[in-house]
Structures are given as C-alpha cells and as structure tokens.
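Work through the exercises below with the sequence and the model open side by side. Each task is followed by a solution in steps.

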Amino acid sequence: MKEEEKQNKKTVPMKGKSAMKKRWVYPAVYLSFAAVILTSVLWYQNDAKNTENNNTPDSALEDNGAAVPVSLTKEVFQMPVSDPEAIEVVKDYFSPEAPAQEQEAALVFYNNIYYQNRGIDLATADNKAFDVTAALSGSVVKVSKDPALGFVVEVKHDKGVVTHYSSLASVSVKQGDQVKQGAVLGQAGENAYDTDAKIHAHFEVRKDGEAVDPVMAWDQSVAQLATAVDDSRKEMKKAEEKKAAEEQKKAEEKKPAEEKKPAPKAEDKGSKDTKDTKDSKDTKDTKDTKDGKDGKDANREQESSSQSAEDTNAPAADDSGASE
C-alpha cells in the first residue's frame, strides 16, 4: 500500500514548477515590470508639467494672493481708435532728440505762442469724426470740458501710468467708471487749441505726471512701459550730469592766464617798496639840499651887502691918524 502511494506521488506532475522551467516565462515577467515602471514615470512627468503650467504668472492671483482679472495681465497698449486702418497720425510727439525739421512739425501755434506737442494727433484722411476708444483697461479719473481742448477724458492704470484723450466733441463715460480696453470714450472733434488739425483726437501717455512718447507704449504692457520710461530717465540724467561736468571743465580751461598765476612773493614786494622809498628819499634829499643851498647863498649875499654898507658909513681910522 505504501509503495502504491509513493508511486502515485511520483507520477503527480507539478504544474507550477513545470511552467517556471519554460524559457519565455522570465523574459515575460521582466517586460511586465518594465512596462509598469515606464508607465509610472510618464504619468509622473505629465502631472508635474500640468502643475507647473498652472503656476504661471498669468494666473488669476498675484504674488500677494489678490485676485486679478486674467485679461489685464496680458493687455498691451493699442491705438485708441476703433478702426486703426482708417486713422493716421497728423502731428507727432515733440521729441528733444528728433531732427529740427521733425521738431518744427510737432509744434502747435496758439495765441501767438508755439507749444510743444505732448502727445499725438489722430485724424482720418477725409476729415470725418470717429470713435475714440480706451487704449488700455483702467479707471476713469477725469471727465471735463476745457474751453481750448474740448472734452477731456483721463484713464488711470497701474505703475503711475495715465492715458489722456482730448479734442473730443462728446463723451460716453463718466468719472469713476471702470472701462475695458477698446471701450468707446467719446467721439473726435475740433478744438480752439489746434485749429489747423480740424477734426481730430489728441492722445497722450503720462508716467508719474510727465508726458512720454506714445510710440514707446505700442504693444507694451503697463509694466514694460514703466520700466522703459524709468530706464530712459536714468540714462537722460546721466547724460545731463556728464554734459554739465564737461562744460564746467571747459569753463575752467578758458580762464585768463593771469588768474592762474601765483601771487607775488613777499620779498619782491618788499624790494619794490624799498626801491620806491629810496627813490622818494633821494628826491626829497635832493630837493632839500637844493633849497638849503639856495637859502645859504641868499644869506651870504645879504651879509655881504650889510658889511659893505657898514664899511662905507664908518670913519676911516687910518686917515685920522695920519693927520695927527
């Protein structure tokens, strides 16, 4: 009985062991593990990339956590008209670096005085009215009517930047309104300040209250414009300081040679004084000697005259003696 059980045990096949003995099993297991690892790596990289994209500066949160409209972070300055193709610049910004001919063309004649144009004047070729729009989103801080400029609208932006719109025949906004880029602010018209421009719109860009060339603003964000203006002002200040130093140096070189000579020495001055004193003394001595001599001669002549007179009046002693 025991022998039969032993025989049966020997003849029962081990399915697991027989399967492991096959050559294709181990390569298949390795390939399965490799596939799992590769899939995990790809999934991790894709997830990390998505996370990085969600943390870009163009997100809806600033560094301080305040909510900001996503559209504002991508805005750049645009021409303040609804149809840029139909508009042309009829008067440019007055630039100190521009040639004399361009500077002359950027002057405005008003009340017998020439003024520098602090912005650009926009008009159509057929001198027709057109809509004036916001060059950038912002807050309307001024709406007024000027007797010389017509209606005026000013929109405030970040970084101390303000856009100015004038020579408007009418306005479509009021102070305190929040306007989006491209919103109609008013309609172009005429003004008394620049009658030669006829129907037009005057546009300015100001940084910290000072007008800058609007050409600098085109296709630039507020932050980019502010940085460019600050850098330009620093370079201008350096150039002015350098020019002032050069002019001062030239002025010092042009001073007369006498001013550069050292003061006369004390001994030279003393010698000169001694000489002058000696000359004066000699002159005085000569004069005194001459005067003394003349006086002495006069006294001698007077004494001789007196003696002669005495001799004449006195009796002759010898004659009397002779008579005796």
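This is a predicted model: local features need pLDDT of at least 70, side-chain atom pairs count only at pLDDT 80 or more; totals for chains, interfaces and linings use all residues.

**Exercise 1. A surface patch**

Solution. 
- Step 1. Val29 belongs to helix α3, which spans residues 25–53.
- Step 2. The relative accessible area of Val29 is 36%. Membership of a patch needs over 30%, and Val29 counts as partly exposed.

**Exercise 2. The chain as a whole**

Task: State how many helices and strands the protein chain has, and what share of its residues counts as buried.

Solution. 
- Step 1. The chain has nine helices and 12 strands.
- Step 2. Of its 324 residues, 22% are buried.
- Step 3. The accessible surface comes to about 24,400 Å², and carbon and sulfur atoms make up 52% of that surface.
- Step 4. Among contacts with a separation of 6 or more, 59% are between residues 24 or more positions apart.

**Exercise 3. The nonpolar core**

Task: Identify the residues with the most contacts inside the largest nonpolar core, and then list what Phe130 touches.

Solution. 
- Step 1. The largest core has 30 residues.
- Step 2. Phe77, Phe130, Val153, Tyr165 and Leu185 have the most contacts inside it.
- Step 3. At least two core residues come from each of β4 (120–124), β7 (150–156), β8 (161–171), β10 (184–188), β11 and α6.
- Step 4. With neighbours within four places in sequence left aside, the contacts of Phe130 include Val81, Ile87 and Leu122, and also Gly186, His200 and Ala201.
- Step 5. As a general background, nonpolar side chains tend to be buried together in soluble globular proteins.

**Exercise 4. A threonine in a strand**

Task: Is Thr133 buried or exposed, and with which residues is Thr133 in contact?

Solution. 
- Step 1. Thr133 is part of strand β5, residues 131–133.
- Step 2. Its relative accessible area is 3%. The cut-off for buried is under 20%, so Thr133 is buried.
- Step 3. Beyond four places in sequence, Thr133 contacts Met79, Pro80, Val81 and Ser82, then Tyr165, and also Gly182, Ala183, Val184 and Leu185.

**Exercise 5. Aromatic pairs**

Task: Classify the pair Tyr110 and Tyr115 and the pair Phe203 and Trp218 as stacked or tilted.

Solution. 
- Step 1. The structure holds six aromatic pairs. Tyr110 and Tyr115 lie 6.5 Å apart centre to centre, with 50° between the planes, and this pair is tilted.
- Step 2. Tyr110 is partly exposed at 23% relative accessible area, and Tyr115 is partly exposed at 32%.
- Step 3. Phe203 and Trp218 lie 6.0 Å apart centre to centre, with 10° between the planes. Planes under 30 degrees apart count as stacked, so this pair is stacked.
- Step 4. Phe203 sits in strand β11 (residues 201–207), while Trp218 sits in the loop between β12 (210–212) and α6 (222–253), 15 residues apart.
- Step 5. Phe203 is buried, at 1% relative accessible area, whereas Trp218 is partly exposed, at 22%.
- Step 6. Tyr110 and Tyr115 also belong to a cluster with Tyr193, linked by ring pairs.

**Exercise 6. Positive phi**

Task: Where are Lys159 and Asp208 found?

Solution. 
- Step 1. Lys159, not a glycine, has a positive phi of about 60°. Lys159 is in the loop between β7 and β8 and is exposed, at 52%.
- Step 2. Asp208, also not a glycine, has a positive phi of about 55°. Asp208 is in the loop between β11 and β12 and is partly exposed, at 48%.

Terms used. Residues are numbered from 1 along each chain as its sequence is written. Side-chain values use heavy atoms; hydrogens and water are left out. Helices (H or I, at least four residues) and strands (E, at least two) are DSSP runs, numbered from the N terminus. Buried means under 20% relative accessible area, exposed over 50%, partly exposed in between (1.4 Å probe, protein chains only). Contact means heavy atoms within 4.5 Å. Rings of Phe, Tyr and Trp (its six-membered ring) pair if their centres lie within 6.5 Å; planes under 30 degrees apart count as stacked, over 60 as edge-to-face and the rest as tilted. A nonpolar core is a set of buried Ala, Val, Leu, Ile, Met, Phe, Trp, Tyr and Cys residues joined through side-chain atoms within 4.5 Å. Accessible areas come from the Shrake-Rupley method with a 1.4 Å probe; for residues, only the protein chains shown count as cover.
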